[in-house]
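Please keep the structure open while reading.

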Amino acid sequence: MLTRRHFIQTTAALFSTAIATPVLASRQPTAAEKAAWDAQVTPANYDPATSNPWGLEPRFLPRRVEANAGLVPGDIHVDAVALYLYHIEEGGTAMRYGVAIARDELYEPGTYTIRRKVQWPHWTPTRSMIERNPEYERYADGMEPGPQNALGSRALYLFVGDRDTYLRIHGTPHARSIGGRASSGCVRMVMAHINTLYPNVRTGSRAFLYAPA
């Protein structure tokens, strides 16, 4: 099991510039729909460092920080105590984002590989999710993409080897959950934030989810 460690040293420099299963037969959104939805979830005059219509604690806004030596550019590290996600950059820096993680024992620390990336994904709850939350039964055949979809605007799919774990790093329509333990296993991000992160993440990169101890 991975344990939490202080692998990031913060600086004052601001960046100014859900368990799910795939739905195989659902209609794919058009480019125009995706663009309209992106505009809908992005604040007007969006500045990642300052825009905060969600009422987040300011520390959960995106920030460029200094990374400890030896961390691999492209990798993602999730701190389950501070509730930060770090994306390691070239040159010794990282982008830090606030996240929400899974409730209680549903959080699964480990080392994962990002094998798949999807813009505006479909979402289907697993049977165990429906058992815990019977209201999800209405989505047993899948939930179409859109701003109210449980996976939000972007999803990074976490694998162990070639096995899909059904864990995701994804956007959420419930931005006020950021900074808490709220999901059924996944790592949640504000949709505008993961939209910024998404194009910078390469498939094949690793994601380290640290235990909260």
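## Charges over rings

A charge sits over a ring if NZ of Lys or CZ of Arg is within 6 Å of the ring centre and within 35 degrees of the ring normal. In this predicted model, the charged end of Arg 154 meets that rule over the ring of Tyr 198, at 5.5 Å from the ring centre.

Arg 116 has its charged end over the ring of Tyr 157, and here the distance to the ring centre is 4.5 Å.

## Aromatic pairs

Four aromatic pairs are counted in the model. One of them joins Phe 60 and Tyr 84, with 6.1 Å from centre to centre and 65° between the planes, an edge-to-face arrangement. This pair connects distant parts of the chain, its two residues being 24 residues apart. Phe 60 lies in the loop between helix H1 (31–41) and strand E2 (63–67), while Tyr 84 belongs to strand E4 (residues 84–88).

Tyr 84 also pairs with Tyr 86: the ring centres are 6.0 Å apart and the planes stand at 75°, so this pair is edge-to-face. The angle qualifies because planes over 60 degrees apart count as edge-to-face.

## The cluster and its burial

Which residues form one aromatic cluster? They are Phe 60, Tyr 84 and Tyr 86.

Are these residues buried or exposed? Phe 60 has a relative accessible area of 2% and is buried. Tyr 84 is buried at 9% relative accessibility, and Tyr 86 is buried with a relative accessible area of 5%. These values count as buried because the cut-off is under 20% relative accessible area.

How values were computed
Residues numbered from 1 in each chain as written. Predicted model: local features only at pLDDT ≥ 70, side-chain atom pairs only at ≥ 80, totals over all residues. Heavy atoms only, no water. Phe/Tyr/Trp six-rings, centres within 6.5 Å; stacked < 30°, edge-to-face > 60°. Helix = DSSP H or I, 4+ residues; strand = E, 2+ residues; numbered from the N terminus. Buried < 20%, exposed > 50% of the residue type's maximum accessible area, 1.4 Å probe, protein only.
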